[in-house]
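Subject: A structure for you to look at

Hi,

Here's the structure I said I'd pass on. Have a look at it first, then read on for what turned up.

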Amino acid sequence: MFKLIAVLVLLQACSQITPINKKDTSSKEMDHNEAPLSQSIKQTKDPKTAQAPKKPVYYKTKTTDNTDKVKRYCDRLDRYFSKYSWGKSSCHDYTWHHVRSSHFGNPIVWFVFGDEKDKANENVTFIECGVHGDEITPVKFCYDLLEDLKKNPNKIGKNNLVVIAPLVTPDSFFRKKPTRTNARGVDVNRNFPTKDWDKSAIKLWKSRYKSDKRRYPGPKALSEQETIFQVNIIKRYKPNKVISIHAPLTLLDYDGPQFNHEHGKAAKQLLVTMSDKAGKYKVSNYPFFTGSLGNWAGNERNIPTYTLELPNSDWHKTTRYYKLFRDAIHHAINDNLNTNQVK
Ligand SMILES: [Zn+2]
């Protein structure tokens, strides 16, 4: 009888092991396209070289550490995720940074992969989604990215920090019918304090955009919480590069140091590599605007700024979009844009 129980226990244990093996296989399948990573996997499995950390350090996030306000925000996000048939969001699985809230009091949260107190972490990538609330797909894109990096921390590499803000303009996303502008009717991507803002922002909005409400730059530069949030993140983390995910223009745009600038060559090479890794995704030199992030960070501050416009806002295809750009994003995270690193 005891033997029978022992056999049953053993069988049960084996059946519990199976899913873990399955998981391992699938993650390897997902990785197989990227040479540097497969090398690093081999290295960690080689007993001779495995003196250093054998297993990747999985990110443990204290899910109970979020404030009640952030917890309520995550509940709300879950409701919208199920509305778009995306399943449950993983919002509750992260301990979010939260300082600033939107006009309607929704937290504008961010999460950091890597030790932000470690000064050696010099290569910082800031990735943001949901700047325009009616661009639904980028928000899911950022959550897919968060989950990917949490499960595959070896993708982040040494001395890299990844700062992710998955929903910059929550008020607009949390509307029955989401809007491009924020709760105060401002296009937060025309509200950055670029040098020409005072002179041109309102004038251009009236003349070129015929006072289109969707493009209102705001009563003054930096008047909006969502814009202040982005400016402060960039000032705080001093990212080597910014990747801003939008939809649906189907293009990859670059603003930043030009080719002849000290870091321009590497920055432009990254643009080409990202496009190559995403099936030769269309690169377009879209103009930058008065009060836009590309103008403020890329043009005026020489921070390479990549605007990735996803193919469209069809929320049924979100997983496909993340898969398409997964390798490109991994590469970007690991590229510190030093000229000597350009391949
Ligand atoms: Zn947009």
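To start with, how close do the axes of helix H8 and H10 come, and at roughly what angle do they cross? The axes come within 7 Å, and the crossing is at roughly 155°. Angles over 145 degrees count as roughly antiparallel, so H8 and H10 are roughly antiparallel to each other. The crossing of H8 past H10 is right-handed. On the H8 side, the contact is made by Leu 270, Thr 273, Met 274 and Lys 277, and on the H10 side by Asp 327, Ala 328, His 331 and Ala 332. Sorted by class, that gives 4 nonpolar, 2 polar and 2 charged residues.

One thing to keep in mind: this is a predicted model.

Now the wider view. The protein chain has 343 residues, and 41% of them are buried. You'll find 10 helices and 7 strands in the chain. Take the contacts between residues at least 6 apart in sequence: 77% of those join residues at least 24 apart.

From H4, the residues involved are Thr 137, Lys 140, Phe 141, Asp 144, Leu 145 and Asp 148; they meet Thr 318, Thr 319, Tyr 321, Tyr 322, Arg 326 and Ile 329 in H10. By class, this contact has 5 nonpolar, 3 polar and 4 charged residues.

H4 turns up again inside the protein. The largest nonpolar core has 71 residues, and the ones touching the most other members are Val 139, Phe 141, Cys 142, Leu 145, Val 162, Val 163 and Ile 164. Helix H4 (residues 136–151) gives this core its largest share, 8 residues.

Last stop, Val 99, in strand S1 (residues 97–101). Is Val 99 buried or partly exposed? It's partly exposed, because 13 other C-beta atoms lie within 10 Å, and a buried residue would need 20 or more. Val 99 and Phe 229 are 130 residues apart along the chain, yet their C-alpha atoms are separated by 8.7 Å.

Cheers

Terms used
Residues numbered from 1 in each chain as written. Predicted model: local features only at pLDDT ≥ 70, side-chain atom pairs only at ≥ 80, totals over all residues. Core = buried A, V, L, I, M, F, W, Y, C linked by C-beta atoms within 7 Å. Buried ≥ 20, exposed ≤ 12 C-beta atoms within 10 Å, placed from the backbone. Helix = DSSP H or I, 4+ residues; strand = E, 2+ residues; numbered from the N terminus. Contact = placed C-beta atoms within 7 Å. Nonpolar A, V, L, I, M, F, W, Y, C, P; charged D, E, K, R; others polar. Axes fitted to C-alpha atoms, helices over the stretch in contact; angles between N-to-C directions. Parallel < 35°, antiparallel > 145°, perpendicular 65-115°, else oblique. Left-handed = near helix turned anticlockwise from the far one by under 90°.
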